[in-house]
Amino acid sequence: MIKLPLFSASQNAKNNTLHGAGPRPPQPYSEQTLHKGSRLEGATVTESVCPYCAVGCGLNIYTKGGKIIDIEGNPRSPINEGTLCPKGANSFQLAVNPHRVKNVMYRAPYSDHWETKSLDWALERIAQRVKETREEGFKAKSEDGLRLNAVQNMGSLGGATLDNEENYLIKKLLSGGLGIVSIENQARI
Amino acid sequence: MPGLGASFGRGAATSFQQDLANSDCILIMGSNMAEAHPVGFRWPMKAKEKGAKLIHVDPRFTRTSALCDLFVGIRAGSDIAFLGGLINYVLTNEKWFKDYVLAYTNASTIVAEGFQDTEELEGVFSGYDPQKQEYDASKGHWGYEGAGGDKPKQDQGVEGAGGAAEGGEQKSQQGSKGVHGYGLMGGASSHSTPQSESTAAPAGQPPRDPTLQDPRCAMQYLRRHYARYTPEMVTQTCGCTVEQFLEVAQLLCDNSGPERTTALVYAVGWTQHTTGVQIIRAAGILQMLLGNMGRPGGGIMAMRGHASIQGSTDVPTLYDLLPGYLPQPAADKGHEDLASYVKYEGMPTGYWANFRKFIVSLLKAWYGEAATPENDFCFSWLPRIDDDYSQLLFFNKMAKGEVKGYFLFGQNPGGGGPNARLHRAGLRNLDWLVVADWFETESAVFWKNDPTAPPSSEIKTEVFFIPAASATAKEGSFTNTQRLLQWHDKAVDPEGDCRSDLWFVYNLGKRIKQLYADSTDPKDDPIKHLTWDYDHDEPPRLPDGSLSRIEGEPNASKVLQEINGYNLKEIDSRTGKPKLLSGFSECKEDGSTACGCWIYSGVFPEPDRNRARERKITDNPVQPEWGFAWPHNRRMMYNRASADPQGRPWSERKKYIWWDEEKKKWVGNDEPDFEPDKPPSYRPAPDCKGMDAISGAEPFIMKPDGRAWLFAPGGTKDGPFPAHYEAGESPVRNLLYPKYQASPTTRYFEGPLNPIAHTPESEYPIVATTFRLTEHYLSGPMSRFNSWLNELQPEMFAELSPELAEERGIEHGGWMTISSPRGSIEARAMVTRRIKPLTIDGRIVHQIGLPFHWAFAGETVGGNANDLTSLTADPNVSMHEGKAFVCEVRPGRTGTPAQPTKKVAPWPTREDSPDTPKSAQPEGHLK
Amino acid sequence: MILQQLPVLNELSNAFPPRQTPVPSPGSDTQPLMGFFTDTSVCIGCKACEVACKQWNQLPSDGFNFTGHSYDNTRMLSETTWRHVAFKEKIGGEKSRWLMMSDVCKHCEDAPCQQSCPTGSIIYNEFGDVYVQPDICNGCGYCISACPFGVLGRSPEDGRAHKCTLCYDRQTDGMQPACAKSCPTASIQFGPVEELREKAKQRVETLHAQGNTQAYLYGADSLDGYGRLNSFFLLEDHPNEYNLPEAPPQPLHGQETRYALSLLTGLVLMLLSALFFSKGDNYAR
Amino acid sequence: MPGDTDNRRQSPDEQAGKGGKNSADSSGQEASYYDVPMLKPPVWQWEIATYFFLGGLASGAYILGRLAERFGGEDYREITRAGTAIAAVAAIPCSPLLIKDLGDPKRFHHMLRVFKPKSPMNLGSWVLTACSALIGLATVREVLDSKQEDLPTEAVRVADGAINISDIVGLPLMLLLGSYTGILLSATATPVWSRNRWLGPLFISSAMSTGAAAISLALEATSEAKSPAKDALQKVETTARVVEGAMLSGYLVSCGELNEPLTKGKFAPHLWGGTVGGGFMLPELLERLPVGGKVRRWIKIIADMSTLLGGLALRWSILFAGHDSANDPEAARQASRPK
């Protein structure tokens with residue numbers, strides 16, 4: 001810049017209009033610019049799948065120091081070839097989000113607020129509630145005397161957003177183990 | 001997706017998204033693909049670049065329409081009329097693909113005597129019981145000729161029910177306690193329907209008339225059934241012009257045949273109707289006639305909504321299914337013991353002849369050592385269903401206080417359930433509720449933030465909110481819309497007390513087992529003996545090599561291995577554990593194999609080989625080494641049909657799988673969806689069983705007759721042919737069958753919380769349809785807590801035409817109120833010419849479009865379109881009707897607007913990336 | 001040292017002396033100029049580019065305003081929106097259309113913002129892209145007014161001007177910009193500008209051959225005297241329909257004349273004043 | 001602050017709005033993008049308007065002071081003294097105002113990081129720095145001059161010599177200081193300013209008129225007596241005003257319809273009342289009133305103050321008209337039509 005003769009830039013501009021940017025004067029780089037790089041350098045890449053719709057786009061999750069620093073489309077995936085939709089591109093905000101609940105919360109009957117509880121407390125209490133409800137609702141036979149072995153006063157909903165393994169365990173535990181019949185997910189709807 | 005199951009044998013998208021790029025024409029209908037599946041739309045766009053024609057038929061001009069060559073606007077809920085018109089056009093103009101139709105469909109099969117079509121009975125098929133409002137397929141003689149009860153060919157015979165095909169139907173009669181849904185068949189689930197095939201189809205070859213002249217052959221019925229679906233009738237019913245309709249018909253016909261293929265793409269725009277299954281059936285019939293099934297660039301692509309919605313039906317969290325589309329045993333269906341269950345649900349011919357192997361392997365996977373041949377492999381432990389326990393009906397019960405406890409895993413019925421008010425009333429009437437989710441969704445805060453609910457002090461529900469780990473913080477597999485299993489690794493540990501649902505279910509299971517450990521009650525045997533050991537052998541590590549801090553996390557790979565299956569008799573020397581199965585063909589019926597979900601078998605063939613996790617790119621365009629597609633990694637189903645009956649490609653251009661005479665096997669880029677070495681010339685002997693009964697020229701191996709079903713002798717509860725009925729709520733009379741306004745088998749659950757406007761002359765003259773925006777996701781749990789998405793679509797709006805806006809005095813951008821019989825919501829008015837008033841039967845009918853993404857929890861809140869939808873169920877799958885209902889609109893707001901429950905978080909985080917110099921930090925932290 | 005913690009001192013070390021780094025000429029073998037070609041004929045208006053940009057650059061949301069401008073609720077490019085998708089409904093006529101276009105900084109070859117920047121914060125980087133160096137910009141706001149496309153904005157957060165960096169940080173590591181990478185229909189393409197121009201011209205020919213005669217390139221060549229754009233567009237309607245200027249002014253050109261006229265006026269006034277002072281002197285004596 | 005977004009002219013969409021703009025679709029209307037501005041409004045607020053005025057004032061006052069000494073002789077020394085003092089007073093707040101206006105004020109010195117005359121703002125920063133030094137020098141010299149008796153004559157002579165030599169570069173620099181601000185505005189895309197050749201001349205003539213008025217005000221305030229200096233200043237003022245008026249007319253005419261935010265917008269009163277009325281007409285009228293004595297002095301004081309206010313109003317109205325102009329998409333479309 002300093003060596004730039006007065007108004008010489010407009011000479012360049014004239015060249016520009018003739019389809020050539022022309023030689024540009026050296027640019028005054030700052031310290032940061034000189035060392036410009038992406039934050040992905042040195043990051044760990046984990047290949048993943050987008051959790052939104054059923055297209056099944058491949059994602060790359062970049063982590064550093066145990067934190068997610070970037071999520072983008074996996075260019076190797078034959079389904080999305082690195083591209084994403086706005087929701088997929090938002091995957092980072094889905095994972096890193098101040099609105100995410102990070103503790104177990106409990107609402108007592110008729111209460112107007114949440115209480116924070118420990119995981120252990122919640123698991124124990126839920127297990128108890130399941131057992132109580134099952135004891136109350138288990139039917140070995142129908143009124144017509146047909147075999148039921150079913151629990152009809154409890155249910156579960158959800159699964160289309162979960163992993164296959166999770167669905168498998170839900171069905172196995174709740175149906176195969178406890179005899180709960182109303183196990184459902186978004187797929188019906 | 002029983003529509004596909006009934007037509008072709010498996011209820012899943014028949015092809016893979018990338019294959020759409022090979023199409024010459026794509027009809028997108030009942031789907032707003034560019035908006036709901038933008039990345040999937042990449043492939044139609046590639047086809048378009050290569051010169052393919054894209055057609056969009058939809059009630060609204062959407063972003064999809066903008067990119068298509070042709071847009072035809074129709075009235076929501078008139079799809080069967082349109083498709084029926086196309087079928088009629090193809091038949092009357094003799095544009096159907098004769099060689100294909102004759103060889104690969106049941107066009108020539110003779111239908112049982114006594115069957116009567118809607119043309120004969122003025123709007124219903126034979127077998128209709130007006131009292132019960134349902135069909136009895138057996139009384140209606142929906143079966144094939146010669147397969148009837150009087151002539152049993154199924155030598156297994158079925159428990160005094162007359163045996164054979166129509167005897168099988170008797171089963172459904174027996175099991176039909178006013179509800180849908182036992183078993184795979186009958187379209188009980190929204191998935192595969194092989195069972196009904198056994199109920200309806202005969203063993204051996206049914207009588208056929210290859211000349212198609214017999215008046216009782218399927219083709220003749222088809223012609224008569226659709227004869228009145230003329231272009232004029234289509235126009236009057238749908239509201240499009242004759243020219244538009246003919247242009248579509250012309251394009252489809254011009255782009256089908258040996259040299260060219262047309263693909264169909266649909267989504268919930270077809271399924272969320274009381275006639276949804278039949279709409280998809282109609283599409284199936286069209287594609288059969290045009291010869292587009294099982295061929296590259298053809299097929300029917302179902303675009304499904306959730307990351308693993310296909311997986312959650314394959315490995316079902318569904319009340320009427322066991323893994324792998326085995327039916328949940330039913331109390332009244334003769335499922336008393338394993339033998340009778342297999343007798344009822346298995347099939348003599350086709351692939352379902354292996355039924356017993358799959359159920360026994362499942363029982364071994366669940367009950368382990370306890371399951372022995374002597375005790376019927378504990379078959380009696382499985383709970384029996386005696387009613388419809390689907391979401392809609394169960395919430396209806398819940399709202400009446402009949403349900404005590406409930407789990408929600410990443411689903412938000414309080415926001416997204418049809419008639420969400422009723423769903424919230426259900427939640428308020430529970431004793432306890434467990435919500436495992438990421439954010440405080442409507443279903444988590446219904447007791448404090450619902451502006452339409454009573455105060456917290458009157459709501460009894462005890463609520464446990466379990467913070468779920470995000471997909472990035474857990475490992476497991478998703479099955480996408482093209483049946484592709486893709487494993488995702490865990491990238492980081494979940495924060496705080498967030499845990500995967502796998503962790504929660506596993507550890508809850510452990511606690512429950514502890515609670516029952518000392519029980520001697522036989523009812524507790526299943527839980528005591530349930531195999532439940534998925535602990536990691538070594539402490540798990542994160543991808544960067546560090547140890548995970550989460551205690552008690554189960555090993556998801558072990559779960560997938562159990563799903564894949566083991567040979568219990570063989571020990572793998574590498575692991576010292578039972579050897580993994582290499583595919584479902586290894587399943588045994590003697591209890592020597594355990595397999596959690598037979599159709600997924602082969603996904604984990606070796607201890608260190610998780611094929612869902614494999615991501616190898618090859619020069620094979622099908623990319624068979626990227627993930628694992630069920631069944632057996634076949635990317636395109638029914639691909640035997642890509643070759644002619646002699647096994648040669650129909651054309652060089654559409655070559656996919658063909659018979660290699662030298663190698664004596666089927667070759668091509670994909671796994672053949674056929675026995676790999678069965679020659680095209682193979683013809684079964686009359687007494688053949690199982691797969692041996694399928695000839696070398698019959699590609700639809702899940703069907704007992706190996707053929708696609710133009711006429712569906714079973715598999716649906718509302719008729720063998722699709723017929724146009726108006727939606728449960730419609731302001732228009734049924735022009736085709738004036739005697740039957742809506743489908744005669746529609747189930748309404750009327751009550752104070754769910755009033756229905758049946759008559760066309762109700763005070764709700766406007767047709768409403770719901771839709772999805774690219775920028776949001778479902779009822780919003782995964783988008784309305786995300787400021788980057790909220791800013792793109794910050795408010796609930798309704799799309800309406802300038803004409804309607806002027807009529808009602810509604811201003812663009814201003815507030816409007818939309819009312820249905822279920823209630824009122826407010827929205828901003830998006831007055832747009834993209835919505836057009838339609839001329840139906842000589843009068844103007846207005847439509848409005850409602851995105852269904854908003855409710856009362858999150859950073860952005862607003863009117864909930866699902867507070868307007870109703871609990872109305874189709875007979876096959878209890879699917880509600882969200883895509884067509886009636887409403888009225890007026891300017892102004894409702895009285896009770898919701899307030900955001902979360903303050904906007906513009907930045908997800910402003911923390912610097914760890915271990916990164918300043919020059920490489922994100923530019924936008926603005927610090 | 002306490003002194004080193006003074007922010008002003010940091011700023012001093014940051015500012016002086018500027019390091020001079022040459023920028024390659026176009027077509028240079030070692031490093032061709034890089035840019036965007038945004039083909040609106042295949043844009044599906046999904047806004048993935050907007051979110052991908054925010055995600056990569058970790059930009060904040062701009063607040064929630066329902067505009068009623070079809071599906072566009074972010075209205076325009078700004079200091080925190082570096083990609084913006086415009087929507088225009090053109091319904092009726094022979095074929096209804098819904099124009100969608102992902103707008104972005106044009107990375108002008110002859111950029112007014114770069115020329116106006118008094119601190120040398122805005123530079124042409126080694127990829128020929130116009131880049132605001134965040135450690136230099138002091139928020140004078142000149143570039144904001146100089147830009148004929150209204151691209152830049154000043155953030156109330158840090159007081160500095162921000163705009164699309166063409167993912168400079170990604171480019172230095174050999175990656176393509178986040179928006180181009182995410183675009184599901186290749187509406188946004190990234191590459192050497194010369195190659196993109198060739199590709200774009202072929203695309204227009206193809207579209208014309210298919211009967212889409214409205215398609216034309218915006219900014220691939222000079223726009224009525226305004227230098228070429230390194231991020232140029234294929235449009236299907238009048239530029240104003242996308243809120244683009246038909247012939248953007250290059251206001252930094254022609255300053256010589258303006259200075260000359262100003263100095264001339266000043267000189268005349270000085271001469272007259274001098275005259276009055278000297279005449280008055282005589283008169284007074 | 002004033003001038004943000006409100007006073008936009010109606011775009012075609014808005015005009016149609018009453019009945020016609022009843023949908024998201026605008027087919028059939030003139031090519032436009034709703035009412036969304038095509039350009040960003042300037043970020044500059046009152047600090048900049050004030051700086052434009054003070055910078056001009058300093059430049060005008062300094063120039064007149066130097067001219068008076070060089071061409072006028074001893075009788076006009078009071079103009080030099082007053083001019084230098086006014087320039088000093090006016091120059092003092094300039095840099096703080098500019099720094100305050102920055103988004104990141106602690107980086108003010110980045111302005112001098114490079115020398116880049118292509119950028120009027122960079123050039124202006126250097127010019128302001130240099131001019132501040134010159135004004136400082138002149139002030140020192142005046143102080144020395146006033147204390148001549150107490151100081152060695154060499155020192156005074158050196159100062160005198162220095163200031164005289166400095167005029168060779170000083171006067172052109174001061175002209176730049178008074179005019180670059182106008183060129184800076186013209187080197188923006190804001191339609192009402194963009195590429196306008198009249199702004200620089202307008203600003204320099206306003207600098208002269210306000211400079212003269214300020215000196216005149218100072219002289220009147222300090223002495224009642226008539227003097228040739230006052231007479232000469234009167235002529236300078238009138239001349240500068242006439243030129244300024246001509247430049248303003250030229251500016252407004254050259255803008256064509258784009259001048260509407262200035263002539264009809266929120267700041268039209270500033271322009272018509274402040275600049276045209278207060279800056280040109282009122283002082284000229286007052287100065288021609290046939291009155292004498294003390295009244296005449298007060299009238300002169302009022303006229304001079306009015307001129308100063310007019311100069312301020314000119315910068316103010318033009319700056320804030322720029323805000324409105326940039327926010328008006330129709331103006332932006334019009335300004336970017338191919339010639």
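**A walk through the predicted four-chain model**

Hi everyone, let me start where two chains meet: strand β8 (residues 147-157) of chain A runs parallel to strand β10 (residues 405-409) of chain B, and 4 bridges join them. Strands count as paired here if DSSP finds at least two bridges between them.

Residues are numbered from 1 along each chain as its sequence is written, while chains are lettered from A and ligands numbered from 1 in the order in which they are written.

Back to that strand pair. Which residue of β10(B) is the bridge partner of G155(A)? That would be Y406(B). S156(A), in turn, stands opposite F407(B). On the chain B side, F407(B) also has V434(B) as its bridge partner in β11(B). That belongs to a second pairing, in which 5 bridges join β10(B) to strand β11 (residues 432-437) of chain B, again parallel.

Is β10(B) enclosed or open? Of its 5 residues, 5 are buried, so the strand is largely enclosed by the rest of the structure. By buried I mean that 20 or more other C-beta atoms, placed from the backbone, lie within 10 Å of the residue's own; 12 or fewer makes a residue exposed, and anything in between is partly exposed. As a reminder, in a regular strand the side chains alternate between the two faces of the sheet. Here G405(B), F407(B) and F409(B) point one way, Y406(B) and L408(B) point the other way, and all are buried.

Now let's zoom out to the whole contact between these chains. Chain A puts in 117 residues and chain B 145 residues, with a contact meaning C-beta atoms, placed from the backbone, within 7 Å. On the chain A side, the largest share comes from helix α6 (residues 164-177), with 13 residues. That side of chain A divides into 53 nonpolar, 40 polar and 24 charged residues. For the classes, Ala, Val, Leu, Ile, Met, Phe, Trp, Tyr, Cys and Pro are nonpolar, Asp, Glu, Lys and Arg are charged, and the others, Gly among them, are polar.

Staying with chain A, there is an open sheet of 3 strands in the order β2-β3-β4, paired antiparallel. Its edges are β2 (44-49) and β4 (67-73), each with a single partner strand, so one side of each has no neighbour in the sheet. From one strand to the next, the twist averages 25 degrees, using axes that are lines fitted to C-alpha atoms, with angles from 0 to 180 degrees between N-to-C directions. Strand β3 (residues 58-64) is joined to β4(A) by 6 bridges, and one of the partner pairs is Y62(A) with D70(A).

Chain A also has a domain assignment, with domain 1 at 44-95 and domain 2 at 104-188; such bounds come from an automatic or database assignment. Over C-alpha atoms, the centres of these two domains are 32 Å apart.

On to chain C. It has 9 helices and 11 strands, and 65% of its 285 residues count as buried. Its C-alpha atoms fill a box of roughly 90 × 60 × 45 Å along the principal axes.

A few backbone details are worth a look. Most residues other than glycine have a negative phi, and most peptide bonds are trans. The bond from W630(B) to P631(B) is cis, with omega near -5 degrees. R483(B) has a positive phi, near 65 degrees, and is buried, with 26 C-beta neighbours inside 10 Å. D224(C) also has a positive phi, near 50 degrees, but is partly exposed, with 14 other C-beta atoms within 10 Å.

Last, confidence. The model scores ipTM 0.93 and pTM 0.94. For pLDDT, the predictor's confidence in each residue from 0 to 100, chain D averages 89, and 91% of its residues score at least 70. Where in chain D is confidence lowest? In helix α1 (residues 12-17), at a mean of 35, whereas helix α4 (residues 94-101) is highest, at 97. Residues 1-21 of chain D stay under 50. Where pLDDT is low, the predicted coordinates should not be read in detail. Thanks, everyone!

Key:
This is a predicted model: local features need pLDDT of at least 70, side-chain atom pairs count only at pLDDT 80 or more; totals for chains, interfaces and linings use all residues. Two residues are in contact if their C-beta atoms, placed from the backbone, lie within 7 Å.
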